[in-house]
Amino acid sequence: MTTSTDAFTNTQLGTELTIDEIRDGFELLDDWEERYAYIIDLGKKLPPFPDEERREENYVHGCQSQVWLIHHLDPDTSRLYLLIDSDAMIVRGLAAIIMTAFNARTPDELLKVDIESIFQDLDLMRHISPTRGNGLRAMVGRIQNIAQAEAA
Amino acid sequence: MNQAAPRTPQALDIEQVRRDFPALNQSVNGKPLVYLDNAASAQKPQAVLDAMDQYYRESHSNVHRGAHTLGDRATMAFEGARDTVRGFLNANSISEIVWVRGATEGINLIANGFYDRLGPEDEILISHMEHHANIVPWQMLAQKTGATLKVIAVTDEGELDQDSFREQLSERTAVFAITQVSNTLGTINPVTEMVAAAKEAGAFTVVDGAQAVPHMSVDVQALGCDFLVFSSHKVFGPTGIGVVYGREELMHEWPVYQTGGEMIHRVSFEGTSFQNSPYRFEAGTPAIAEAVGLGEAIRYLDGLGRDAIEAAEKTLQQRVNEWTADFPGLHPIGTSSNKVPVLSFTLDGLHPSDVGTLLDQQGVAIRTGHHCTMPLMERFGVPGTARASFAFYNTVEEVDTFFQGLQKIQRLFAE
């Protein structure tokens, strides 16, 4: 692991910013343009992804866009930190929502997060449905597998 | 013979034509559907749905077997559809028309026949713009036989580089397999001339007609190719069925692809002999209703008239050209002047998947990604494109809605 702990913890996603706040934010938006503008803005909150981590083992397959994902388990707090990157703006925004739901939790807490119902509430279910080609589901699966491995 | 009476070419009444396609008349995400993913799969006219429904209600049984009336009806409908396809391609005989699941299976069936014919001294010539279905079966064949896969270059305009073709074509070329129309770029290739040159060099010639048949008359005798494949679902017929055309002299001797019931002449434990074409390639119970549906789709197209269809598409292409001529930030990939109405493009600063998602929010269906042509994407240095592909049932207003949708997306990202 070459990436420093700071690179992982230097984010508000899942710490200051919570899913409840995103949910409240969504409720104020009427049309698709506002909703997606908001998603795109969320994507801009993703912390920088270290270039040297763009490696095959960190690549999430099954996505139309390129997606990378790395994690770090803080030995002091036992919390799991994530970094996600994509070259597609909407996928970045959706990744920010996923990070907000999962980030800075212990593996056990993370595994209890009902990501499907969060996406249902935000009316974004279609993005993580099995039929969708953008790989959000692959991203979620990768995170849950990491949490399972770290919890064991 | 199930040929529709030829009609005088006249302009299509698009609004009336659209009423023939139930799927076009719906809303998606609260907006009227604008279906521009026709190169992936086209929608079906009511006549096709009715023909399949009626077949199941009144005529269904297994084919070529029943000693009863329904069996006869099913066989008549099934073989009638084969003859409709024969007419559609202007093939000589129904022995030349084999049912398969689609163009992909068709190419596999043809390639399968070369496994005992090719050796290390042979070459297979394809192009850089082929769909994976017209690459991978030949790649596998080359690996197994030691033959060499040669690739015709594509120009910056998205046309086949004819110099590259002539340089690589030789008496070593055993197979020449080429798409008539590029699924990603829409380019119409000069297939007739290229097939003639390849035959002159002594090669077997295979044409992937999947993207051509929805847009133009395809005449296998005029093309002069040995084989041609297409898929029903791209030509307004049902999924699950497609066609291999193969010249009769070849087909009766061509190695069988799958074995089992129906395709045999005589079976004993000492050995089995096979039927003639097309039945030697059709093991098991075929997709009967789908064959009937495809036959009806062809009749529907004949009823509209190929000239009228081409004229309608030309109008759409002109409108697309007007928009792309001055659209800041939009880069068309494939700018040949000889195209079917397909627009592959990138938008500055945007990933194709962003474009697809945000057009979908506006009711506009396009495809994004590599379009099963990864080598071609690499050739143009893009990870993928957004692709809008049009059919005769699309309107000029829909072209406008699509481009206005792109403008809206650009504004959204500019904020």
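Reader: Between domain 1 of chain B and domain 2 of chain B, how many salt bridges are there?
Author: This is a predicted model, where local features need pLDDT of at least 70, side-chain atom pairs count only at pLDDT 80 or more, and totals for chains, interfaces and linings use all residues. Residues are numbered from 1 along each chain as its sequence is written, chains are lettered from A and ligands numbered from 1 in the order in which they are written, and side-chain values use heavy atoms, with hydrogens and water left out. A salt bridge here is a side-chain nitrogen of Lys or Arg within 4 Å of a carboxyl oxygen of Asp or Glu. Between these two domains of chain B, the count is one.

Reader: Which residue meets B:R379 in a salt bridge?
Author: Side chains of opposite charge can pair when their charged atoms come close. For B:R379, the N to O distance is 2.7 Å, and the partner is B:D156.

Reader: Where do the two domains of chain B run, and what separates their centres?
Author: The bounds come from an automatic or database domain assignment. Domain 1 of chain B covers 14-41 + 305-409, and domain 2 covers 49-302. Taken over C-alpha atoms, their centres are separated by 28 Å.

Reader: What area is buried between domain 1 and domain 2 of chain B?
Author: Buried area is the accessible area (1.4 Å probe) that two parts lose on being put together, summed over both. In domain 1 of chain B, B:R306, B:V340 and B:R379 lose the most area to domain 2, together 23% of what that side buries. Carbon and sulfur atoms give 53% of the total between the domains, which is about 3000 Å².

Reader: How many residues of domain 2 of chain B are in contact with domain 1?
Author: Contact means heavy atoms within 4.5 Å. On the domain 1 side of chain B, 38 residues take part; on the domain 2 side, the number is 34.

Reader: Now the two chains: how many residues of chain A are in contact with chain B?
Author: Chain B brings 15 residues to this meeting. The area buried between the chains is about 1400 Å², with 60% from carbon and sulfur atoms. On chain A's side, the number of residues in contact is 16.

Reader: What is the count of salt bridges between chain B and chain A?
Author: A search of the whole structure finds 25 salt bridges over all chains. Between chain B and chain A, though, the count is zero.

Reader: Which element gives the most to the side of chain B that touches chain A?
Author: Helices (H or I, at least four residues) and strands (E, at least two) are DSSP runs, numbered from the N terminus. On that side of chain B, α12 (352-360), β16 (367-369) and α14 (396-414) each supply at least two residues. The one giving the most, with five residues, is α12(B).

Reader: Why are A:R23 and A:D20 separated by about one helical turn?
Author: Their side chains meet in a salt bridge, at 2.7 Å from N to O. Both sit in helix α2 (residues 19-27) of chain A, so the separation of about one helical turn comes from being three residues apart.

Reader: Is the peptide bond from B:S277 to B:P278 cis or trans?
Author: B:P278 is found in the loop between β12 (271-274) and α10 (288-304) of chain B. With omega near 5 degrees, the bond from B:S277 to B:P278 is cis.
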